[in-house]
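Work through the exercises below with the sequence and the model side by side. Try each task before reading its solution.

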Amino acid sequence: ETGWRVNGSTSWLWCFCTKNEAAYLIDKSRGSSVATSVLGKSFGGTLIQDFYSAYNACNARGTQYCLAHLLREFDKIDARYGAKPPAAFVAFREKVIPIFTGAIDFHRKTGDDPPAREAARVRFERRLLKVLEEPTSDPDAQRLIKRMWRSAHGLFTFLTTPGVDPTNNHAERNIRAAVVMRKNSGGSRSHAGADDRAVLMSVFRTYELRGLNAVEATIATVQRHLTELHRTKHIAVASDG
């Protein structure tokens, strides 16, 4: 989700996507009610998300937290301290980052081998658990440890669930075009216009993800709709006769 202006007021553009479809929604709220309105309160799939708590209301059957977001936290802390981060944080960082980068590397290099992937998940989870249980005096490390404890169930899902990525980069890429559009247009003039734009973006982006020509696919869809409409009216007239 990202900011969106509607008639000068702040709203939010949400993007929900799979590998072959995308749905955009512009709403005044950035709360969990929007996420559940799209995915429901008991989502049956695996939800790849960042650490924003609004998605927790969907109670997804499976969860994968974005490891890119997690690793960026280490970069932000490094940038804040510059050349001399605290030794306790450095020690923590040097233990944690190789676990996640190693898991991602294993995921990219290993094909469809369920036993190997399950064994790898157990191995990486045990390594991380060992680090999280070690005491540390560094406040940044303590904060990240709490986050990883809360999200432990969704840190290595990508290793054992087919089609699941370790990051939400796919969603980030799908929302990028809308961000460019926001920059050029400044947003929407009305809520009706925002709704129309969200629908059109959903349709055209889904066509693109499926490798379809947007103009040709739209014409074909309209033709099918008109044909079905004509057929329905013809049946209704015949029934009345």
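**Exercise 1. Find which residues touch the most other members of the largest nonpolar core.**

Solution. Start with the definition: a nonpolar core is a set of buried Ala, Val, Leu, Ile, Met, Phe, Trp, Tyr and Cys residues joined through side-chain atoms within 4.5 Å. Buried means under 20% relative accessible area, exposed over 50%, and partly exposed in between (1.4 Å probe, protein chains only). The largest core has 28 residues, and Phe92, Phe100, Leu128, Met148, Leu155 and Phe156 touch the most other members. Two or more residues each come from α2 (67-81), α3 (87-109), α4 (114-132) and α5 (139-150). Helix α3 gives the largest share, 8 residues. Helices here are DSSP runs (H or I, at least four residues), numbered from the N terminus.

This is a predicted model: local features need pLDDT of at least 70, side-chain atom pairs count only at pLDDT 80 or more, and totals for chains, interfaces and linings use all residues. Residues are numbered from 1 along each chain as its sequence is written, and side-chain values use heavy atoms, leaving out hydrogens and water.

**Exercise 2. List what phenylalanine 100 is in contact with, leaving aside neighbours within four places in sequence.**

Solution. Contact means heavy atoms within 4.5 Å. Apply that cut-off to phenylalanine 100: the partners are Leu67, Leu70, Leu71, Leu128, Met148, Leu155 and Phe156. Then look elsewhere. A second, separate core has 12 residues, including Tyr24, Ile175, Ala198 and Met201.

**Exercise 3. Is glutamate 73 buried or exposed?**

Solution. First locate glutamate 73: it lies in helix α2. Its relative accessibility is 13%, so it counts as buried. Beyond four places in sequence, glutamate 73 touches Arg143, Leu144 and Arg147. Now check charge pairing. A salt bridge is a side-chain nitrogen of Lys or Arg within 4 Å of a carboxyl oxygen of Asp or Glu. A network of such bridges links Glu73, Lys76, Arg80, Asp140 and Arg143.

**Exercise 4. How many salt bridges does the structure hold? Examine the one between aspartate 105 and lysine 109.**

Solution. The count is 14. The side chains of aspartate 105 and lysine 109 meet at 3.3 Å, N to O. Both residues lie in helix α3, 4 residues apart, about one turn of the helix. Aspartate 105 is partly exposed at 36%. Lysine 109 has 67% relative accessibility, so it counts as exposed.

**Exercise 5. Which residue forms a salt bridge with arginine 231?**

Solution. The partner is glutamate 228, with the closest N and O atoms 2.7 Å apart.
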